[in-house]
Amino acid sequence: MMAQVISVPYFCGFEDTTEINNWKMNVVANEDEVCTDQWMIRNIDSSEGYNSLTITCDLGKTATFGAQRDMVVAYRRFQLDTTLTVNISFEWKCEGIEDISHCHFYLFPSRAITEADLFSLPNTADLPMRLSRPPISLSNNSDWRDTLACEQLDLVADVEYYMVFVWQNANTDTSYSTLSKYSVSIDNIQITSAPCPEPENLQ
């Protein structure tokens, strides 16, 4: 099945059911394996509106994470019908535990990673070491923050891309009071046409 063609400007605030259905969450290698931490789109916390994409370890009651090592993926496939230079931004909140539990954002063309690759990833915390493109790392922030994740990025028409959020939890120390630690929430993803940079060194 081909990825959905989106128009720019694109906005996802996780309020529209049709858009929500384009997101796949909690991808693990073994279908019988259930991670303590789960991605959910629901009214746990949000920057605006009601919903956000959030990691929860208690079935959506709170935006918290557990004391079990795991790695879970949420992603959306898309393509454009015209080649564009774009900016990609989103709002996020992620406390986690420094160097132990945090979130990563990736944007991959289909030639770099396939949907099958995402489904076959091992359920370990080593994903960022297995992928070649450096991730945008999200952690140590207990307030909503707006991040320009990709600037002046050339996206080619009719090429499939993957927007990927990876929650990596390497916490196995139950002495952490994890239920008081905020995991991660994502809201208000935007893809906009990037303005042309101003010319430099004009005489």
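**Stop 1: the loop between β9 and β10**

Select D158, which is found in the loop between β9 and β10. The model is predicted, so local features need pLDDT of at least 70 and side-chain atom pairs count only at pLDDT 80 or more, while totals for chains, interfaces and linings use all residues. Residues are numbered from 1 along each chain as its sequence is written, and side-chain values use heavy atoms, with hydrogens and water left out.

The backbone of D158 has a positive phi of about 65°, although D158 is not a glycine. Most residues other than glycine have a negative phi, and most peptide bonds are trans. D158 counts as exposed because its relative accessibility is 61%; the cut-offs are over 50% for exposed, under 20% for buried and partly exposed in between, using a 1.4 Å probe and protein chains only.

Move back to Q152 in strand β9. Q152 is not a glycine, yet its phi is positive, near 50°. With 36% relative accessibility, Q152 counts as partly exposed.

**Stop 2: E160 and R77**

Now select E160 and R77, whose side chains meet in a salt bridge at 3.2 Å, N to O. The term covers a side-chain nitrogen of Lys or Arg within 4 Å of a carboxyl oxygen of Asp or Glu. E160 lies in the loop between β9 (141-155) and β10 (161-169) and R77 in strand β5, so the pair ties together parts that are 83 residues apart in sequence. Buried or exposed, where does R77 fall? R77 counts as buried, at 14% relative accessibility. E160 is buried too, with a relative accessible area of 17%.

**Stop 3: the other salt bridges**

How many salt bridges does the rule give? The count comes to 3. Side chains of opposite charge can pair when their charged atoms come close.

Select E19 and R76, which form a salt bridge of 2.8 Å, N to O. E19 sits in helix α1 (residues 17-20) and R76 in strand β5, so this pair links distant parts of the chain, 57 residues apart. R76 is buried, with a relative accessible area of 1%, and E19 counts as buried at 10% relative accessibility.

Then select K93 and D45, joined by a salt bridge of 2.8 Å, N to O. K93 belongs to strand β6 (residues 84-94) and D45 to the loop between β3 (38-42) and β4 (52-56), so the pair ties together parts 48 residues apart in sequence. Both K93 and D45 are buried.

**Stop 4: the largest pocket**

Show M2, A3, N22, K24 and R77. The largest pocket has a volume of about 180 Å³. Of its 11 lining residues, those five, M2, A3, N22, K24 and R77, are the closest to its centre. A pocket is an open set of points on a 1 Å grid over the protein atoms alone, where a 1.4 Å probe fits, with protein on both sides within 12 Å along at least five of seven lines; lining residues have an atom within 4 Å of a point. The volume is the space filled by probe spheres set on the points, which are joined across faces, edges and corners.

Strand β5 (residues 70-78) gives the most to the lining, with 3 residues. By class, the lining has 4 nonpolar, 3 polar and 4 charged residues. Ala, Val, Leu, Ile, Met, Phe, Trp, Tyr, Cys and Pro count as nonpolar, Asp, Glu, Lys and Arg as charged, and the others, Gly among them, as polar.

**Stop 5: the cores**

Select W23, W39, L107, F165 and I189, which touch the most other members of the largest nonpolar core, a set of 38 residues. Such a core consists of buried Ala, Val, Leu, Ile, Met, Phe, Trp, Tyr and Cys residues joined through side-chain atoms within 4.5 Å. Strand β6 gives the most to this core, with 5 residues. Apart from this core lies another, of 10 residues, including V73, L118, Y162 and V164.

Centre on F165: leaving out residues up to four places away in sequence, its contacts (heavy atoms within 4.5 Å) include W23, W39, L53, F90 and I186.

**Stop 6: P9 and the whole chain**

Select V8 and P9, where the peptide bond is cis, with omega near 10°. P9 is in the segment before β1 (10-12).

Buried residues make up 50% of its 203 residues.

Key
Helices (H or I, at least four residues) and strands (E, at least two) are DSSP runs, numbered from the N terminus.
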